[in-house]
Amino acid sequence: MRVIAWLVEGTWPACVDAVRTHAPPDAEVVLLHVSGPDVPGVAHGAYAGLLGRGRPERDPGGLLEALEGTSATGILDAAAERLGRPCVRVERSGRVEREVVAAAEGAGLLVAARDGDRSRLGPRSLGPAVRFAVDHAPCPVLLVWPEPAPGLATIPPPPPHHPR
């Protein structure tokens with residue numbers, strides 16, 4: 001069985017802890033980090049459009065790409081240390097939600113953390129990328145809270161009953 005732990009800044013420890021708790025001892029564990037193209041692309045565009053005609057050495061997009069890679073390596077290293085067992089580290093780049101779904105092909109389990117409004121229970125606790133992965137993953141998904149889950153009192157009341 002292959003278990004994919006989707007690592008995102010701020011929520012990755014909960015995913016690693018869930019793998020430690022729920023993955024069978026003989027499972028192949030894959031620590032996955034996906035970098036989206038958004039921030040470096042915006043920086044490249046802003047520089048080219050507003051600031052930097054003719055001076056590519058000042059383009060901040062390259063620096064942001066390098067920093068993003070350093071951040072991913074740091075998360076993968078910290079996650080592997082926290083996991084405390086053999087694992088494979090995978091860094092992908094592209095549309096985050098689609099890369100996660102593609103990485104989960106053939107896996108026995110995808111572990112992801114809620115990334116939306118975590119102050120209350122409900123569907124808004126999932127951001128767009130996690131919602132997409134939950135809806136499209138080709139394997140079972142274990143969805144974890146990155147911190148203790150809110151209480152049942154945070155569920156909104158049902159809508160009023162309307163007679164027909």
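Which elements do the buried residues of α4 pack against? They pack against β1, β2, β3 (88–93), β4 and α5, where buried means under 20% relative accessible area, exposed over 50% and partly exposed in between, with a 1.4 Å probe and protein chains only. This is a predicted model, in which local features need pLDDT of at least 70 and side-chain atom pairs count only at pLDDT 80 or more, while totals for chains, interfaces and linings use all residues. Residues are numbered from 1 along each chain as its sequence is written, and side-chain values use heavy atoms, with hydrogens and water left out.

**The chain as a whole**

- The protein chain has 5 helices and 5 strands, which are DSSP runs numbered from the N terminus (H or I of at least four residues for helices, E of at least two for strands).
- Read from the N terminus, the elements follow the order β-α-β-α-α-β-α-β-α-β.
- Of the 164 residues in the protein chain, 37% are buried, and the accessible surface comes to about 9700 Å², with 58% of that surface belonging to carbon and sulfur atoms; the areas come from the Shrake-Rupley method with a 1.4 Å probe.
- Among contacts (heavy atoms within 4.5 Å) between residues at least 6 apart in sequence, 76% join residues at least 24 apart.

- Strands count as paired if DSSP finds at least two bridges between them; β1 and β4 run parallel and are joined by 3 bridges, and valine 3 stands opposite leucine 109 in β4.
- On pairing with β5, β4 again takes the parallel sense, over 4 bridges, and alanine 113 stands opposite valine 144 in β5.
- Together, β4, α5 and β5 make a right-handed β-α-β unit, a term meaning that, with the strands pointing away from the viewer, the path from the first strand over the helix to the second runs clockwise.

**Helices α4 and α5**

- The buried residues of α4 are Glu97, Glu99, Val100, Val101 and Ala103.
- In α5 (residues 128–136), the buried residues include Ala129, Val130, Phe132 and Ala133, and these lie on the same side of the helix because they cover an arc of only 160° around the axis, the arc being that of the directions from the helix axis to the C-beta atoms.
- An α-helix has 3.6 residues a turn, so residues three or four places apart point the same way.
- The cover over the buried residues of α5 includes β1 (2–6), α4 (96–103), β4 (109–113) and β5 (141–144).

**Two buried residues**

- Histidine 33 lies in strand β2 (residues 28–35) and counts as buried because its relative accessibility is 8%.
- The side chain of histidine 33 makes a polar contact with that of glutamate 91 at 2.9 Å; such a contact is a pair of N or O atoms within 3.5 Å, and within protein one must be able to donate a hydrogen and the other to accept it, while residues adjacent in sequence count only if both atoms are side-chain atoms.
- Alanine 14, in helix α1 (residues 12–22), counts as buried because its relative accessibility is 13%.
- Leaving aside neighbours within four places in sequence, alanine 14 is in contact with Val144, Trp145 and Pro146.
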